[in-house]
Amino acid sequence: VSAPRRPFPELLRPAFDAAALEQVESNIAVLDADGHILWVNPAWVRFAQENGAEARTPEGGSYFDAISPPLRDFYREAFSKALATGGVFDQEYECSTPDKRRIFRLRALPVEARALLVEHSLVAEYDHGEPSHEAIAERYVREDGTLLQCSHCRRVRAASTHSWEWVRQWVAAPHPETSHGICPSCVGFYWGLRGFK
Amino acid sequence: VSPRILVVDDDDATRQVLVRVLTREGFTVAECGTRDEALDHLRAATFDLLLTDFVMPRGSGLELVAEAARLYPALHCVVMSGHPRPEEASTAIAWVEKPIDVEQLLAALAR
């Protein structure tokens with residue numbers, strides 16, 4: 001049973017229509033300057049429940065706890081910059097399931113340098129139309145039965161060509177014989193640019 | 001004397017990253033890509049720590065840890081994986097999530 005939701009933050013009342021935000025289909029959270037979740041709308045709660053993320057994004061908890069550790073600093077910095085400058089952070093990203101390809105857009109709107117209204121909106125959702133399981137296995141699974149997946153971006157390395165590609169089924173839940181590595185792009189970005197300063 | 005650590009991972013890039021991070025942190029690092037190579041290293045030199053991937057071709061990290069613990073009871077073992085800890089893995093084995101967070105990794109090694 002979900003805990004009762006918190007009241008709409010007074011800080012937002014002069015500018016935002018609480019009832020309207022309650023009813024929209026996009027997932028909305030209001031964060032304080034440190035990233036603590038002050039309020040979420042019903043769509044946020046539904047999405048969390050449907051995707052098994054309810055315990056990671058409670059009101060009062062930290063928004064960043066639901067983000068994988070290597071990405072946390074990126075979003076902390078982006079949100080801090082939005083708060084400091086009054087600018088909007090805007091990003092499109094993929095959050096697919098084994099059945100559906102889903103593209104979302106994230107916008108973080110600063111509110112008087114004291115809070116952020118974070119909105120995740122569905123941009124597109126459609127069935128994958130995946131190749132057969134056998135065809136996927138033949139392309140990615142190595143002779144010993146294991147496969148290599150980038151632990152950062154979740155792309156899987158093709159067994160023969162060594163190209164890194166997204167395999168929808170293994171983004172949400174890895175193949176049981178997945179060995180996790182790091183693709184060249186992620187080595188450069190997460191460990192070259194960010195990890196060795 | 002700096003602690004000696006053996007890094008075992010079938011992914012070259014991950015090994016290179018770990019060697020750089022751990023060397024910077026003052027460890028003396030050796031590395032290899034399979035369970036059998038790791039056992040060769042352990043036979044050839046003394047190590048304080050074993051840091052191994054979980055899923056690898058030709059022998060898993062848990063198999064390596066079990067063998068290493070039998071042969072070298074003083075060796076401390078840490079397993080890295082993008083998978084959650086399986087039920088058969090002893091809770092005495094430190095488990096570090098991939099993608100690797102350096103602070104979490106160093107904390108596990110410090111324990």
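## The β1–β2 hairpin of chain A

In this predicted model, G35(A) adopts a positive phi near 95° in the hairpin formed by β1(A) and β2(A), with 4 residues between the strands. Strands here are DSSP runs of E with at least two residues, and helices are runs of H or I with at least four residues, each numbered from the N terminus.

Strands count as paired if DSSP finds at least two bridges between them. Have a look at I37(A) in β2(A): L31(A) stands opposite this residue.

## β1(A) and its partner β5(A)

Strand β1(A) also runs antiparallel to β5 (residues 115-127) of chain A, with 6 bridges joining them.

Strand β1 (residues 27-32) of chain A has 5 of its 6 residues buried, so the rest of the structure largely encloses it. Buried means under 20% relative accessible area, exposed over 50%, and partly exposed in between, using a 1.4 Å probe and protein chains only.

## A68 in chain B

Over in chain B, A68(B) sits in helix α3 (residues 61-71). With 0% relative accessibility, A68(B) counts as buried.

Which residues does A68(B) touch, leaving aside its neighbours within four places in sequence? They are L42(B), L50(B), P73(B) and L75(B), where contact means heavy atoms within 4.5 Å. A68(B) and L42(B) are 26 residues apart in sequence, and their C-alpha atoms are 7.9 Å apart.

## Reading notes

Residues are numbered from 1 along each chain as its sequence is written, while chains are lettered from A and ligands numbered from 1 in the order in which they are written. Local features need pLDDT of at least 70, side-chain atom pairs count only at pLDDT 80 or more, and totals for chains, interfaces and linings use all residues, while side-chain values use heavy atoms, leaving out hydrogens and water.
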